[in-house]
Amino acid sequence: MQAAVHVRGRATGTRELGALSPRHLVPTINAILLTGGSAFGLGAADGVMRWLAERGWGFQVGVGVIPIVPAAVIFDLSYGDAVWPSADDGYRACESAGPEVEEGSVGVGTGATVGKALGPGGAMKGGVGTWSLRKGDLVVGCVAVVNAFGDIRDGSGAIMAGARSASGFVDAHQYLSDGGIPGGSFTQAGTDTTLVVVGTNGRLSRVQLQGVAEMAMDSLAQRITPVGTEFDGDVVFAASAGDTPVSSLLAVELLAQKATAVAVERAVGLAVGSDAVPGVAGP
């Protein structure tokens, strides 16, 4: 699988991103892991590697294979109990993987939250969202894990989920640009992140996929306000797992943007809340 990555966040938690460079020795990667638990959760990649190695999938080194598994984490330790996935959890995730991805407050999105400008009391639940688009034989899909500091907006610009006071949404972008002070445990560097994987069956090089990742990142600026703050660790992966000819790279990039935007909306629209952090309504 060919893949590339675009890092926008200033407080990321990642592993093996160097292997995605066009200049790197390894020609392909074997999996991408999105996980919770901050830096602790990156250990789940060990279980993914073990599962792949047992099946002989990885970079050949003469004495065996070394699976290449880039990974990125969200910070969710401020929501609920401070727990994180282990290598065994990573292995079990591979065992249970299927063609459909669950959405909402599940998996890596279980502890995701959004709209944290006023602190935990005004935040709402985030989660996992997916969407895909087809043009002829070409398919472009997206998985987004939304654990953003900012508010989430729909295509019209209206806030779907975000920081709230007793009178409703406060519009975090306006509040902060007016000099409002962020508050609470969610407003420490590295405590918020949106992770995205865009996948296509189109035959693209790592250089071309780099452009796809960068264009998909632009969708976050359309749906999350503010985005890319000192509190966020946003990362977008783009991967090609097919051999469908691509006549227009721009078409793939624009499909990636649209799929990402919808996936972000679905991540909060399908989230399930709690008494502490009430969830948004259904889709």
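Modeller: A salt bridge is counted here when a side-chain nitrogen of Lys or Arg lies within 4 Å of a carboxyl oxygen of Asp or Glu. The model is predicted, so local features need pLDDT of at least 70 and side-chain atom pairs count only at pLDDT 80 or more, whereas totals for chains, interfaces and linings use all residues. Residues are numbered from 1 along each chain as its sequence is written, and side-chain values use heavy atoms, with hydrogens and water left out.

Lys116 pairs with Asp192 in such a bridge, with 2.7 Å between the closest N and O atoms. This pair joins distant parts of the chain, 76 residues apart: Lys116 sits in the loop between strands E7 (113-114) and E8 (124-125), and Asp192 in the loop between helix H4 (172-177) and strand E15 (193-202). Helices (H or I, at least four residues) and strands (E, at least two) are DSSP runs, numbered from the N terminus. Lys116 and Asp192 are both buried, where buried means under 20% relative accessible area, exposed over 50%, and partly exposed in between (1.4 Å probe, protein chains only).

Asp88 and Arg50 also form a salt bridge, at 3.1 Å from N to O. Asp88 belongs to helix H3 (residues 87-96) and Arg50 to helix H2 (residues 44-54), so this bridge ties together parts 38 residues apart in sequence. Asp88 is partly exposed at 44% relative accessible area, and Arg50 is likewise partly exposed, at 36%.

A network of salt bridges links Glu54, Arg55 and Glu95. Over the whole structure, the search finds 10 salt bridges.
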